[in-house]
Amino acid sequence: MLSLLMLSEQEFVRQIRQHQKIIHKVCHLYADKPEDREDLFQEILHNAWKAINTYRQEAKFTTWLYQIGLNTAISYFRREKRRPLSMGLRMHFNSLN
């Protein structure tokens with residue numbers, strides 16, 4: 001099994017390229033718009049890089065990456081749901097009154 005405790009940046013990039021479909025799957029499940037998917041993808045990568053030293057090799061790298069992706073996506077989804085309505089929607093609803 002691959003030792004990721006001392007993972008170099010180059011090896012991290014290689015692993016991500018090899019398994020990026022996992023991240024894309026999570027992004028498509030939690031974000032509707034392409035720009036939101038891209039933002040979420042970047043956030044997942046960032047969180048995975050920050051957490052790489054937490055990988056304990058008790059599971060496959062793909063399982064660990066998927067879990068990081070899900071946790072990031074859930075947080076992202078909750079944060080996006082709390083965003084206030086855009087100005088355009090507020091103006092539309094105000095004009096109905």
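The model is predicted: local features need pLDDT of at least 70, side-chain atom pairs count only at pLDDT 80 or more, and totals for chains, interfaces and linings use all residues. Residues are numbered from 1 along each chain as its sequence is written, and side-chain values use heavy atoms, without hydrogens and water.

The protein contains four helices and zero strands, in the order α-α-α-α from the N terminus; helices (H or I, at least four residues) and strands (E, at least two) are DSSP runs numbered from the N terminus. Of the 97 residues, 30% are buried.

Two salt bridges are counted, each defined as a side-chain nitrogen of Lys or Arg within 4 Å of a carboxyl oxygen of Asp or Glu.

| Salt bridge | Closest N to O |
|---|---|
| Arg 14 with Glu 11 | 2.7 Å |

Glu 43 is partly exposed at 23% relative accessibility.

Arg 14 and Glu 11 both lie in helix α1 (residues 9-30), three residues apart, which means about one helical turn separates them. Arg 14 is partly exposed at 40%, whereas Glu 11 is buried at 18%.

Conventions:
Buried means under 20% relative accessible area, exposed over 50%, partly exposed in between (1.4 Å probe, protein chains only).
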